[in-house]
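Colleague: I am new to this structure and would like to learn how to read it. Could we go through a few features one at a time?

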Amino acid sequence: MGDEKKAKPAGVWPTVKPFVNGGASGMLATCVIQPIDMIKVRIQLGQGSAAQVTSTMLKNEGITAFYKGLSAGLLRQATYTTARLGSFRILTNKAIEANDGKPLPLYQKALCGLTAGAIGATVGSPADLALIRMQADATLPAAQRRNYKNAFHALYRIVADEGVLALWKGAGPTVVRAMALNMGMLASYDQSVEFFKDSLGFGEAATVLGASTVSGFFAAACSLPFDYVKTQIQKMQPDAEGKYPYTGSLDCSLKTFKAGGPLKFYTGFPVYCVRIAPHVMMTWIFLNQIQKFEKSIGL
């Protein structure tokens, strides 16, 4: 990092760059991960094992079913990952400046990660809701389907039918999950890069791969309990009397805990890990490549 002493390029680009890079790497990662995500949602909705779900989807709906909701997934990355990775870089840079250029202690990285996660999730919540609605739509009986054409149609319909604030429906659990996920993901990545590079003397490729793997694991481990609750809340339908099974996240958490103990929140951890970790890893790897490319063309 010795080259940061050079004169900084003037203008907007240095400020915008972490946001642009974050969004681009998140969107590239999503194109790779979207099909796995589709299978995860169906498993969580109780439609059998990964192999069963995959073969059923191929048989009944064809290959395009795996990319249902891709527009919402990309929109979510363009909002959420742009905001969280950009704000995390800006926050850590400010903290490093305040720290006289020394690496930050882990708890400060974690705080930056929490804050960045909250900012990202608030910005990305509408796209997240559209994504969940679009993915769950196919599993509903024909009469109840909302039949969204794409993410923008879903957002338009949600605003038209339920009002603007409905876009932040369930945003509480989404924001809390994002804070947990990003604390695990962002802090552990920066910490691991320092460890692999400085303590173990790894080269660049090995450092990025190693750190992104560690980062993926912690992102999954920190966020699954919140993800479990969030999915239960967002997919609940009222019964015949119009009553919902849970009054809110806390009620859902308590009922889940009563029903299955603490491990119930880690239902499907291997699948969740396989879903979260590669996206995190891909995002970091794409981000590293984008930064290398920008350096080579002098941006």
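## Reading salt bridges and a helix pair

Modeller: Start with one side chain: Lys 292 has a relative accessible area of 41%, so Lys 292 counts as partly exposed. Keep in mind that this is a predicted model.

Colleague: Which residue does the side chain of Lys 292 meet in a salt bridge?

Modeller: The general idea is that side chains of opposite charge can pair when their charged atoms come close. Here the partner of Lys 292 is Glu 204, at 3.6 Å from N to O.

Colleague: How many salt bridges does the structure hold?

Modeller: There are ten. One of them joins the side chains of Arg 89 and Asp 190, with 3.1 Å from N to O. This pair, too, links distant parts of the chain: Arg 89 sits in helix 3 (residues 70-98) and Asp 190 in helix 6 (residues 171-199), 101 residues apart.

Colleague: Is Asp 190 buried or exposed?

Modeller: Buried means under 20% relative accessible area. Asp 190 has 14%, so Asp 190 is buried. Arg 89 has 25% and is therefore partly exposed.

Colleague: Now for helices. At roughly what angle do the axes of helix 1 and helix 9 cross?

Modeller: Their axes cross at roughly 150° and come within 8 Å. Helix 1 covers residues 13-44, and helix 9 covers residues 269-296. Angles over 145 degrees count as roughly antiparallel, so that is how helix 1 and helix 9 run relative to each other.

Colleague: Which residues make up the contact of helix 1 with helix 9, by nonpolar, polar and charged class?

Modeller: The contact has 16 nonpolar residues, eight polar and five charged. As for handedness, the crossing of helix 1 past helix 9 is right-handed.

Conventions: Residues are numbered from 1 along each chain as its sequence is written. This is a predicted model: local features need pLDDT of at least 70, side-chain atom pairs count only at pLDDT 80 or more; totals for chains, interfaces and linings use all residues. Side-chain values use heavy atoms; hydrogens and water are left out. Axes are lines fitted to C-alpha atoms, for helices over the stretch in contact, and angles run from 0 to 180 degrees between N-to-C directions. Helices (H or I, at least four residues) and strands (E, at least two) are DSSP runs, numbered from the N terminus. Angles under 35 degrees count as roughly parallel, over 145 as roughly antiparallel, 65 to 115 as roughly perpendicular and the rest as oblique. A crossing is left-handed if the near helix is turned anticlockwise from the far one by less than a right angle, and right-handed if clockwise. Ala, Val, Leu, Ile, Met, Phe, Trp, Tyr, Cys and Pro count as nonpolar, Asp, Glu, Lys and Arg as charged, and the others, Gly among them, as polar. A salt bridge is a side-chain nitrogen of Lys or Arg within 4 Å of a carboxyl oxygen of Asp or Glu. Buried means under 20% relative accessible area, exposed over 50%, partly exposed in between (1.4 Å probe, protein chains only).
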